[in-house]
Amino acid sequence: MEGEVKITDKPTGALAYKKAYKDVKASYLNRIRWAVTLFYFAMGLNFATWASRIPDIKTALDLTEGDLGTILFCIPVGQLFIMPFSGKLAVKYGSHSMVVLGLSLYVAALMLLGFADHQWQLSLALFFFGVCSNVTNISVNTQGIYTEGLFRRAVMSSFHGAWSTAGFTGALIGIGMKALHLKPHIHFIIVGLLIWIVIFLNYRYLVKVKSRPQQKQEKKKLFSKPDTVLLWLGAMSFCCMLSEGIMFDWSGVYFTDVVKTKGALAVLGYASFMAMMATGRFLGDTVIRKLGRKTVLIISGCLISAGLYTAVLLPYLIPATIAFMMVGLGVSTIVPSIYSIAGRRPNIAPSIALQTVSSVSFLGFMLGPPVIGHVAHVTSLRISFAIIGMFGFLIAFLVYRVKAITE
């Protein structure tokens, strides 16, 4: 294929983009970017498709809220199970190969969910769903880092914006499928086939990076002790994912119980948060290029805290809606920026760096919502949101203190 280039990743993790892509046409580089964007979109669409039919599957299997909560926990269990290996697989076989395999199996897992007739079948399918989602996530973000390196400017936020857009798209498709009275397994098959077409049309344009054999001494050094900077980046991402997790799970409850909205207005908080998160991710790369990544991260952390404290102090419809928009804008660029910084750490392969950061940050997304529930039970939901509000300022403080963030 014209313009196709294969890169060999150096043992230090440095990416030889400038030399390898010196004579590649800009149009081909843009095609690579579109391919990676579509993989992000497909990954988001796959998850949103499942999420859109959870109520129908709950009804079909006659699950109680407690049953559903326990079964849904199989997804993070699957993610945690494969997390120590996802980065190593991407290094050994190449992220371009693993993202194709991971996303293909992710689609297969989606289809299996539609055919589950018993709780144990749904549980196993969700475990497999979680495994595939983590493999895909590490590999596709590695591709995002490689592609950003090709352009030598910030583009990572736009990739995550594609994932956010897929969430809206999946919800709309789900509404349409339900209106047509199509059962979940038919819905999942249709979407799955579309995603497989996306994979087939775009896999050849992924950045192909093969790792060179490393000395045993280098391997031992790589896996013996986590990079300190990566742990700090993971802590920042943990704080962001904690804030993002409570918005996903508790924004609707906050608007219902605290803001006292009724009917369809209960979803306004979640919708405003998601809309600004998606908008911020598409505009984030331009803002980062103008203000610098460090400045944007500090502002983003402050926006999260300001938004949450505004919602706590002014629990009324308009102020709370604006507050949730601020939180959405604040979280929009943090994780993409942290992944971009982590992927360029010297002496560490990008996929291994992402594995380290995501291992720490994932705990925030998984533990945040249930902890908030327990704190709210003992105190109140407003106090819970006020506690989480501190983490935005903590992000800003850590960004200011970590010297590795210099952009």
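Which residues are linked in a network of salt bridges? Here are my notes, with the answer in point 2.

1. First, some ground rules. This is a predicted model, where local features need pLDDT of at least 70, side-chain atom pairs count only at pLDDT 80 or more, and totals for chains, interfaces and linings use all residues. Residues are numbered from 1 along each chain as its sequence is written, and side-chain values use heavy atoms, with hydrogens and water left out.

2. The network is made of R53, D56 and K178. A salt bridge here is a side-chain nitrogen of Lys or Arg within 4 Å of a carboxyl oxygen of Asp or Glu. D56 meets R53 at 2.9 Å, N to O, and D56 also meets K178 at 3.7 Å.

3. R53 is buried, at 3%. D56 is partly exposed because its relative accessibility is 24%, and K178 falls in that class at 37%.

4. The search of the whole structure gives three salt bridges, and one of them joins R293 to E148, with the closest N and O atoms 3.9 Å apart. R293 sits in helix 13 (residues 293-313) and E148 in helix 7 (residues 119-151), 145 residues apart. Both R293 and E148 are buried.

5. Now the rings. Rings of Phe, Tyr and Trp (its six-membered ring) pair if their centres lie within 6.5 Å; planes under 30 degrees apart count as stacked, over 60 as edge-to-face and the rest as tilted. The count comes to twelve aromatic pairs. Y40 and F159 are stacked because their ring centres are 5.2 Å apart and their planes at 10 degrees. Y40 is in helix 2 (residues 26-52) and F159 in helix 8 (residues 156-179), 119 residues apart. Y40 and F159 are both buried. Elsewhere, ring pairs join F47, W50, Y106 and F129 into a cluster.

6. Zooming out, the protein chain has 17 helices and two strands. Of its 407 residues, 52% are buried.

Definitions and conventions:
Helix = DSSP H or I, 4+ residues; strand = E, 2+ residues; numbered from the N terminus. Buried < 20%, exposed > 50% of the residue type's maximum accessible area, 1.4 Å probe, protein only.
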